[in-house]
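Thanks for asking me to look this one over.

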Amino acid sequence: MLKDRSSIGRRTLIQAAGAYGAACWGLGARAQNSSQRAWDKLRGQTIRVSYPGPHPHYDAAEGLFDDFTRETGIRIERDRTPYLEMKDRQLAGMRKPQGDYDAITYLVVWKAGYIKEGLLRPLDEMLADPSLAMPNYDFKDLIPAYVQAIGVAGGPKASLPGPDARLYGLPYGAETSVLGFRRDILERQKLQVPSTYGELLHACEVIRDKEKIGGVSSRSQAGHQITHAWLLHLSPFGGQVFDAGFRPVLHEDPGIKAAETLRRLVETGPVAAGKAGFDEMQAAFLHGECAFYLDTLAVMGPAKDPRRSKVVNKVAYAMHPSGTRLSGQTGGFGLAIPKNARHPEAACVFIQWLTSKANDLRVATLGGNAGRWSTLANVDFKLRNPEQGMLPFVLRAANPDWRPLIPEWDEMSKNVIGQVLPDVLTGKRTAREALASTVPQLESLLRSGGWIGKAVPTGAAKG
C-alpha cells in the first residue's frame, strides 16, 4: 500500500503558510538594501521588458515589479505578449541599431539562434562588476542544470560547459520533468510507484485492463509535440540526437527504444491519445482519464486547482523513471539582455533582483517555478508545497544536454523528426526505419549550419 508522506495536518499547514506568506513579502527589500548605493546612479532610468503572458511564473513575477521600482528607482515598461508571438517581436526589436527591449524572456530553444546572430549581451563581465553585482547573490545556489541548459553557450555541442563557453542568460521559469500519479488508483491495484520504464509500462497495462482508463497521458501530435514526447524517453535510455561531433545517432538502439516505448505508452493511454498536444495531454490527466502523467512540472499548480482539476488531493509525484540511467528534461525560460539594449546596466540590476534568493522564494510562493536550491530547501516553502519535496532529487538527475541547442533544431524537431514519429505510433514503419530515414535531412541541415566537420572540442564527451 502507498503511504502519504506529507502527514502534516491541514491546520498546521495553513497556519505555517499564512505566517510564511506574511514574512516573505518583507524579504526582498531587506535583502537588497546593501546594493542601493551602487545602484543609485541608475535611478530614474526606464527599462522595457519583454515577457510572456499569460504564464503562471511570469504572472507571479509581475506582482513584484512595483517593489523593484520602489527599491531601485528603476521604472519598468511592460511588454506582456503571448509566448508564441514573443519571438518575432523580440527579433524585430533586437535587429535594430537601437533596441526596443532592455531585458527579454526567451525560451531555451531560441537561445542558440539569438546568440548566432549576435543579439545577446554576455553577462559574465557585468555580473563580475562590483558596481553592478548584487551582494550575496550566490550564483552557485542557482540550479546548475537550468543554468547550463538555459544560460550557457559556446562550449562543446554549442551549449555545454567548456573553455569558450559564456553566460548569456539566467534561468527564470525553468522546468524539468516529473512523474505524476494517482495515489488512489495505485493503492486500489496494489501497484508500487514506478521507478523504471518497465514498471511504468506494466502499471499502464494493469490500469488499462482493470480500471478501464488510460495509463499515461502523452503528447503525440505530429511536429515538435511528438518530438518532445520522444525526447522524454531518449535521455533516460542513454540516447542523444547527435554525438559530440554532430553526427546523427538518433537511429541507434537508445533512440529506437525510446520510440518503441512511446508507442507502447500511447497504446495504453487515454482515448484520443494519438493526436494530443500539450494541452490535451495535461487535460487528460487533470480530468481523470489516465493514472499517470510524465512531462513538465507545470502540471503541479493546475493539479491542485479545483477549477481545473478533477483529481485534487489524489495526485502525488515521483522522479522521472529510469531506463538505463536516471535523467530528465531541462527547459523553460530565461532572462537575457539584448546587445542593443538602451539601458543594459539597469537591465542587469533587474534580472539579478528577480532571480535573487529572496525574490525566487517570493515568486515560487505565488505559484512560479523555483530556480534555486535555497527555495526548495526552505522549510516553510516545503510545508506549503509538499508535492515539490522530490524536486531536489529530480533536478540533480536532470540532463542539460536533453535536446540539441542549435538554431536548426526547431526545423529538425517540427519538420523532420516530428513527421516520422507518427508512423511509429500507427505501425506504418518500424522505429528503426522511421528514425534512419531522418538522417539525410538532418545531415543536410547540419551541413548548411556549418556544424558537420567541426572538430570535437577538447574534453567533449563521445557517444
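Among contacts in the chain between residues at least 6 apart in sequence, what percentage join residues at least 24 apart? The figure is 76%. Please keep in mind as you read on that this is a predicted model.

1. **The chain overall.** You will find 23 helices and 11 strands here. The chain has 463 residues, and 57% of them count as buried. Its accessible surface comes to about 19500 Å², with 51% of that belonging to carbon and sulfur atoms.

2. **A five-stranded sheet.** Have a look at the open sheet of 5 strands, which is ordered β2-β1-β3-β11-β6 and has mixed pairing. Its edges are β2 (75-81) and β6 (170-175); each has a single partner strand, so one side of each is left without a neighbour in the sheet. From one strand to the next, the twist averages 20 degrees. As a reminder, strands of a sheet pair through backbone hydrogen bonds, in either a parallel or an antiparallel sense.

3. **The β1 and β2 end.** Strand β1 covers residues 46-52 and pairs with β2 in the parallel sense, over 7 bridges. Helix α5 (residues 65-72) lies across both β1 and β2, and runs at about 160 degrees to β2.

4. **Helix α13.** This helix (residues 253-267) has 15 residues and reaches 21 Å from its first C-alpha to its last, close to the 21 Å expected at 1.5 Å a residue. Its buried residues are Gly255, Ile256, Ala258, Ala259, Thr261, Leu262, Leu265 and Val266. An α-helix has 3.6 residues a turn, so residues three or four places apart point the same way. The cover over the buried residues of α13 includes the helices α11 (197-210), α12 (224-234), α21 (409-426) and α22 (431-436), along with strand β8 (214-217).

5. Is Ser177 buried or exposed? Ser177 is buried, with a relative accessible area of 0%, and its place is in strand β7 (residues 177-182). The Ser177 side chain makes a polar contact with the side chain of His320 at 2.9 Å. That side chain also reaches the backbone nitrogen of Gln329, at 3.0 Å. Leaving aside residues up to four places away in sequence, Ser177 touches Leu232, Asp295, Thr296, His320, Gly328, Gln329 and Val394.

Key:
Residues numbered from 1 in each chain as written. Predicted model: local features only at pLDDT ≥ 70, side-chain atom pairs only at ≥ 80, totals over all residues. Heavy atoms only, no water. Pairing = 2+ DSSP bridges. Helix = DSSP H or I, 4+ residues; strand = E, 2+ residues; numbered from the N terminus. Axes fitted to C-alpha atoms, helices over the stretch in contact; angles between N-to-C directions. Contact = heavy atoms within 4.5 Å. Expected span 1.5 Å × (residues − 1). Buried < 20%, exposed > 50% of the residue type's maximum accessible area, 1.4 Å probe, protein only. Polar contact = N/O pair within 3.5 Å; in protein donor to acceptor, adjacent residues only side chain to side chain. Areas by Shrake-Rupley, 256 points an atom, 1.4 Å probe, with all protein chains shown as cover.
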